[in-house]
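Thanks, everyone. Let me put the model up, and then I'll walk you through it.

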Amino acid sequence: MTLDRLDSTARAAGPTAGGALGGQAVRVVGASKTFNPGTRNSVDALVDITLDVAPGEFVSLIGPSGCGKSTLLRLIANLIEPTRGEVWVNDKPARQARIDQDYGMAFQQAGLFDWRTVVRNVELPLELKRWDKRKRRERAMEMLELVKLAEFASHRPWQLSGGMQQRVAIARSLAAAPALLLMDEPFGALDEMTREHMQVELLRICAETGTSVVFVTHSIPEAVFLSDRVVVMSPRPGQITEVVDIGLGHERTLDTREQPEFYARITDVREALRGVGGATDDELAIEKARRAAEER
Ligand SMILES: Nc1ncnc2c1ncn2[C@@H]1O[C@H](COP(=O)(O)OP(=O)(O)OP(=O)(O)O)[C@@H](O)[C@H]1O
Ligand SMILES: [Mg+2]
């Protein structure tokens, strides 16, 4: 299927080039987040984060567990407020962008509503935008075809596997053709083949629609394959320690994974992560296996 028919009104809500704020899809300026400030449970999660994401740009966040990646995504989504600093989305304060539903979100947990059918879960953001019934059913079915779940449209989420539920959540996040996608380890529950397929599909959709993405992952190859830039964060309190320009161009196919430049960028990100004491999925798995062997 193609997404040529994506609604132009969704695009019109996108950032205006050269606007007062520089036309960025996301602009985070000196943002810090302390949870439970002034109490015994006070946690400095993020310190002085400054980050711009250009329209159409794909930026991944990578860093050790607990470094504040999800917190940064939640700040951009205005699900929480920064303790200091500013967050802008589509040249508006993040709060306004949330009210205007300028972005789509997909999290590691699918977060589907069990009392709704699969197709009605995907329709939800379109209902909120008051699309008429026929149009939203048509779009939801297109999205389900995209994630290869059209035949499960009338199932309930609990009748699907974890990976299938995740694909429904991804379909839902794309349904309203948002100018910005915020994704928190969205492919974590998928098998390797499906994951690679979804990566290619996500890039295709973004290229067709000019969607900007902020994407959290623990996988270095995934970050490199998908991104224009990879933002490396330090352990808590999270700070941006390095931004790696990937420079593989927009055309990424399964062949991209065979190119020497792909491996060179993987090494760059791995070294940046090592510099902050971060561990990757692979390293965490090896460490876990080593400890289990020691305990035996
Ligand atoms: N609602 C909250 N209340 C208090 N502390 C919180 C809250 N949410 C997150 N934190 C703390 O903020 C820090 C950053 O958490 P966050 O979930 O952003 O990390 P992360 O980088 O996404 O980690 P992971 O890779 O494990 O998902 C952690 O120390 C966490 O305990
Ligand atoms: Mg997280």
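Some ground rules. This is a predicted model: local features need pLDDT of at least 70, side-chain atom pairs count only at pLDDT 80 or more, and totals for chains, interfaces and linings use all residues. Residues are numbered from 1 along each chain as its sequence is written, while chains are lettered from A and ligands numbered from 1 in the order written.

Helices (H or I, at least four residues) and strands (E, at least two) are DSSP runs, numbered from the N terminus. Strands count as paired if DSSP finds at least two bridges between them.

The open sheet. Six strands run in the order β6-β7-β8-β3-β9-β10, and the pairing is mixed. β6 (103–106) and β10 (240–245) each have a single partner strand, so one side of each lacks a neighbour in the sheet. From one strand to the next, the twist averages 15°. Inside, β3 (58–62) and β9 (229–233) run parallel, joined by 4 bridges. L61 has V231 of β9 as its bridge partner.

Across β3, β9 and β10 lies helix α9 (260–275), at about 175° to β10. Axes are lines fitted to C-alpha atoms, for helices over the stretch in contact, and angles run from 0 to 180 degrees between N-to-C directions.

Next, β4. β1 (26–35) pairs with β4 (84–89) in the antiparallel sense, over 5 bridges. V28 is bridged to V87 there. β4 also runs antiparallel to β5 (92–93), with 2 bridges. Their hairpin has 2 residues between the strands, and N90 takes a positive phi near 55°.

Now the helix pair. α5 (133–146) and α6 (162–175) have axes that come within 9 Å and cross at roughly 135°. What does that make them? Oblique to each other, a class for whatever is not under 35 degrees (roughly parallel), over 145 (roughly antiparallel) or 65 to 115 (roughly perpendicular). R139, A140, M143, L144 and L146 of α5 meet A171, L174 and A175 of α6; contact means C-beta atoms, placed from the backbone, within 7 Å.

Last, ligand 1. Around it are F35, N36, V43, A45, S65, G66, C67, G68, K69, S70, T71 and R236; the cut-off is a C-beta atom, placed from the backbone, within 6 Å. α2 gives the largest share of that shell, 3 residues. β2 (43–53) and α2 (69–76) each supply at least two.

Methods: Contact = placed C-beta atoms within 7 Å.
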